[in-house]
Amino acid sequence: RVGGTIVWRGEPQTVLIGPSDEQWDLAFIARYPNASAFLEMVTDTEYQAAVVHRQVAVATSRLIRMADAPSAPKFG
């Protein structure tokens with residue numbers, strides 16, 4: 001409803017850098033039109049009612065709001 005789309009999804013295989021005791025089943029990156037749309041989503045009463053089910057269904061999860069880097073360095 002707020003214009004978000006999943007731009008990438010994958011199944012984590014091996015942790016190269018990070019806690020070796022964390023096991024993840026799924027990861028995805030979503031893009032929203034702007035910060036206001038993201039805030040509208042997470043404060044929506046229907047979203048808040050639905051997220052309770054996700055929190056009960058999984059051992060742990062992360063939701064991290066990020067912004068585009070002003071000038072991302074090129075690797076390689």
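This is a predicted model: local features need pLDDT of at least 70, side-chain atom pairs count only at pLDDT 80 or more; totals for chains, interfaces and linings use all residues.

Let me begin with α1, whose buried residues pack against α2, where packing rests on contact, that is, heavy atoms within 4.5 Å, and where helices (H or I, at least four residues) and strands (E, at least two) are DSSP runs, numbered from the N terminus. Residues are numbered from 1 along each chain as its sequence is written, and side-chain values use heavy atoms, with hydrogens and water left out.

The buried residues in α1 are Ala37, Phe38 and Met41, with buried meaning under 20% relative accessible area, exposed over 50% and partly exposed in between (1.4 Å probe, protein chains only). Seen down the axis of α1, its buried residues fall within an arc of 100°, so they line one face of the helix; the arc is that of the directions from the helix axis to the C-beta atoms. On the other side of α1, Ser36 and Leu39 are exposed.

Now to the rings: the structure holds 1 aromatic pair, formed by Tyr32 and Phe38, which sit edge-to-face at 5.4 Å centre to centre with 75° between the planes. Rings of Phe, Tyr and Trp (its six-membered ring) pair if their centres lie within 6.5 Å, and planes under 30 degrees apart count as stacked, over 60 as edge-to-face and the rest as tilted. Phe38 counts as buried because its relative accessibility is 14%, whereas Tyr32, at 23%, counts as partly exposed.
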